[in-house]
Amino acid sequence: MRLGINLGYWGLGMDADNIAVAQEADRLGYAVCWAAEAYGSDAATVLSYVAAKTERIDVGSAIFQIPARTPAMTAMTAATLDTLSGGRFRLGLGVSGPQVSEGWYGVKFDKPLARTREYVEIIRKAMSRERLVHEGENWTLPLPGGPGKPIKLTVHPVREHIPLYIAAIGPKNLELTGEIADGWLGIFFAPEHAAVSLDQLTAGRAKAGLTLEGFDLCPTVSIAVGDDVKAAADSQRSYAALYIGGMGSKEKNFYNQLTRRMGYEQAADEIQQRYLAKDYAGAAAAVPHDLIDATSLLGSKERIADRMQAFADAGVTTLTLAPAGFTLEERITALRTAVEAMELAGLA
């Protein structure tokens with residue numbers, strides 16, 4: 001199992017700290033540094049900057065939002081980032097959600113699975129540097145009856161194949177991810193509930209005549225180091241409540257639905273009701289301690305090592321850490337503790 005780091009969003013007043021974290025992860029031998037985007041900072045610009053400030057660590061989009069860019073533009077960006085970084089780029093994609101897709105990008109959030117499949121097909125055609133011809137439900141290239149002609153990517157990526165990941169939560173999207181991607185970007189993954197995600201990913205791999213062998217299972221987990229496990233868990237409550245209670249509408253919140261599939265139906269209801277009523281403290285208090293503990297790395301180095309072993313036993317191949325909400329010193333300590341815990345567990 002390898003380690004990754006997720007810097008989250010840029011422009012929140014911690015940009016210098018984020019670079020220091022990326023550079024320390026690079027020095028410690030972390031495999032990949034991810035950056036996110038929603039409707040603030042874009043991931044491509046951030047990753048260019050991080051790549052320029054580091055030497056060995058891969059840089060990855062977690063995620064590029066599918067409604068934000070045409071597939072050909074994403075192929076161009078991926079090829080450029082891979083060239084600029086010397087072959088260190090990983091392409092992570094996701095459909096975002098209906099509020100952002102329709103409210104920010106003006107793109108209808110319909111048939112997300114078919115859109116994702118077609119999007120990946122076009123990217124792979126473009127990245128192969130064949131002349132781009134595609135006829136689908138969402139894109140037709142070139143447009144018929146006009147001056148457009150089949151053209152090919154002029155940039156030569158460093159590698160013939162750039163790893164492609166999909167962020168997936170729902171069962172059907174998980175199955176699609178297993179079928180068409182090289183890896184999976186997960187969230188709120190618990191080894192004790194691994195089947196909630198892995199069964200569908202395995203089914204998708206089988207559709208493609210493949211297994212999970214060589215497929216990168218890459219969940220992001222919060223990490224909080226300290227002797228007081230309850231206090232460490234409490235530091236993650238607001239983050240969990242935001243996603244379970246407030247990401248999306250009452251009818252369509254993928255994180256809330258995931259929490260339900262993990263067996264926390266009553267808690268998911270209460271968190272969402274309180275959050276949507278703007279009782280943010282109450283929503284945070286309603287997040288079960290064992291849910292936070294199961295989906296995070298909390299406590300001492302020894303306890304974190306035990307949990308890392310559980311993630312490895314569940315099949316995780318890249319464990320991405322999110323030490324968000326802490327000072328730079330605390331984040332650096334978390335990075336170093338994770339490496340020591342990996343060595344203690346015999347996973348390094």
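Which residues line the second largest cavity? In this predicted model, where local features need pLDDT of at least 70, side-chain atom pairs count only at pLDDT 80 or more, and totals for chains, interfaces and linings use all residues, the second largest cavity is lined by P67, V95, S101, V107, K108, F109, D110, P112 and R115. Residues are numbered from 1 along each chain as its sequence is written, and side-chain values use heavy atoms, with hydrogens and water left out.

A cavity here is a set of points, on a 1 Å grid over the protein atoms alone, where a 1.4 Å probe fits but cannot get out, and lining residues have an atom within 4 Å of a point. About 50 Å³ of space lies in the second largest cavity, a volume being the space filled by probe spheres set on the points, which are joined across faces, edges and corners. Its lining divides into five nonpolar, one polar and three charged residues, where Ala, Val, Leu, Ile, Met, Phe, Trp, Tyr, Cys and Pro count as nonpolar, Asp, Glu, Lys and Arg as charged, and the others, Gly among them, as polar.

The largest cavity has a volume of about 90 Å³, and its lining, which includes I187, F188, Y239 and S296, has seven nonpolar, five polar and no charged residues. Strand β10, with three residues, gives the largest share of that lining, strands being DSSP runs of E with at least two residues and helices runs of H or I with at least four, numbered from the N terminus.

The search of the whole structure finds three cavities of 30 Å³ or more.

Note on methods: On a 1 Å grid over the protein atoms alone, a cavity is a set of points where a 1.4 Å probe fits but cannot get out, and a pocket is an open set with protein on both sides within 12 Å along at least five of seven lines; lining residues have an atom within 4 Å of a point.
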